[in-house]
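Please keep the sequence and the model open while reading.

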Amino acid sequence: MRLTRRAALKGLAALTGAASSTHIPARAGTLADVKLLLGGTLASTPGQFAELASGPLSHALGLEAPLELTPDIGQDGVRAANLFDANSAPDGNTALALPGATLLASLTGDSRVHYDFGRWIPVLVASTTTVVIARAELHKTLRSRLTGFFHDHPVRLAVSHIDGPELNALMGLSLLGLRPIPVSGYVDSSNALSALHEGTVDAVQISPYTLDRPLDDVLANLPEGTSAIYYTGDLTDTHSTTIPNFLEAYQQARHRAPEGPFYHAWQAVSAAADTAMAIALPMLTPPEIITQWSHACAATSADTGVRRWADLHHFKLATDENAAPFLSRTVPDLGATLALRRWLAVNIPRWREGQETRHL
């Protein structure tokens, strides 16, 4: 199936030559030698989008020459984001295409981070969905935790690495009163599901764009004794309407609405984990240039090749004024940031020793 997906992407690339976007004329001298920095290689999500969208985007920006794509050697976009924040003039000639991992690295206090993504101006966001699945006895815990039956039961959670996108599930399960133990090395949803089938882990976090089959098919064929606990993002393109969102799952478990700095930190982490990709401009970019980029991204998102790529990966594309709220959700207040950093400082040493998460 992975070969089929690559073949499909190659086919989609051919479609971008016939741009269906509306031409947005550039003002004389406004944009020249435009660059799109990529937070990853050409094989990454930003890279795939950039290769498909470079033609339509260049046309919509009114460029005389195609915009330049500058890929990064890493996959999390931190290096590219540092360069973007430090060196990019706010003239609209440089934009950054970043993955959600770039946001997570900043939220978790990664020492490599020297950028402040809260100052950037998003002009396009591709969002995805995540679903957390666990064994039935753990799902029962959500409804009967007050009895204390499984109060201290550890939950082995498959993760790519301990501060990766599965931080959404680590924090979410902790908020629900469970004690997850991250088990590293599961780089995509299919590998994590195999471990769940084999009983190597008790819980997984999956996303449709890393699956080799439809989400509904996965959920209909879960291992015996497992079920979906909650989802984040948007499930409107599937028939899986019986899965509760996190708020519903929390109210089932705690009989009240979630609140507090750690919950607000989880909201930011969850929004970052659900961000497949974003295109941003530097702070202080003039409003007319922002408008030009916004209109160009809107036109590009309507291109046939780009639309098919987004549909293939189950991404939701947001542009213009709809893009800003997606990135703003990933910016927690100071109290939430401190709560997250304190929680990580306490638990990362424990996780490295294979110990369950400690609540604060």
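The buried residues of helix H14 pack against helix H4 (100-107), helix H6 (167-175), strand S7 (179-183) and helix H10 (261-273), where contact means heavy atoms within 4.5 Å, and helices (H or I, at least four residues) and strands (E, at least two) are DSSP runs numbered from the N terminus. This is a predicted model, in which local features need pLDDT of at least 70 and side-chain atom pairs count only at pLDDT 80 or more, while totals for chains, interfaces and linings use all residues. Residues are numbered from 1 along each chain as its sequence is written, and side-chain values use heavy atoms, with hydrogens and water left out.

The residues of H14 that are buried (under 20% relative accessible area, with exposed over 50% and partly exposed in between, for a 1.4 Å probe and protein chains only) include Ala336, Leu340, Trp343 and Trp351. H14 covers residues 334-352, and its 19 residues should span 27 Å at 1.5 Å a residue, which agrees with the 27 Å between its end C-alpha atoms; the expected span is 1.5 Å times one less than the number of residues. At the N-terminal end, Asp333 caps H14 through a side-chain oxygen that lies 3.3 Å from the backbone nitrogen of Gly335, and after the helix comes Gly354, with a positive phi near 75°.

Helix H6, one of the packing partners of H14, contains Asn168, a residue that is buried with a relative accessible area of 0%. The side chain of Asn168 makes a polar contact of 3.3 Å with that of Gln205 and another, of 2.9 Å, with that of Trp266; a polar contact is a pair of N or O atoms within 3.5 Å, where within protein one must be able to donate a hydrogen and the other to accept it, and residues adjacent in sequence count only if both atoms are side-chain atoms. Leaving aside neighbours within four places in sequence, the contacts of Asn168 also include Thr130, Tyr230 and Val269.

Trp266 leads on to the aromatic residues, since ring pairs link it with Tyr230, Phe246, Tyr250 and Tyr263 into a cluster; rings of Phe, Tyr and Trp (its six-membered ring) pair if their centres lie within 6.5 Å, and planes under 30 degrees apart count as stacked, over 60 as edge-to-face and the rest as tilted. Phe246 and Tyr250 both lie in helix H9 (residues 246-254), four residues apart, about one turn of the helix, and both are buried.
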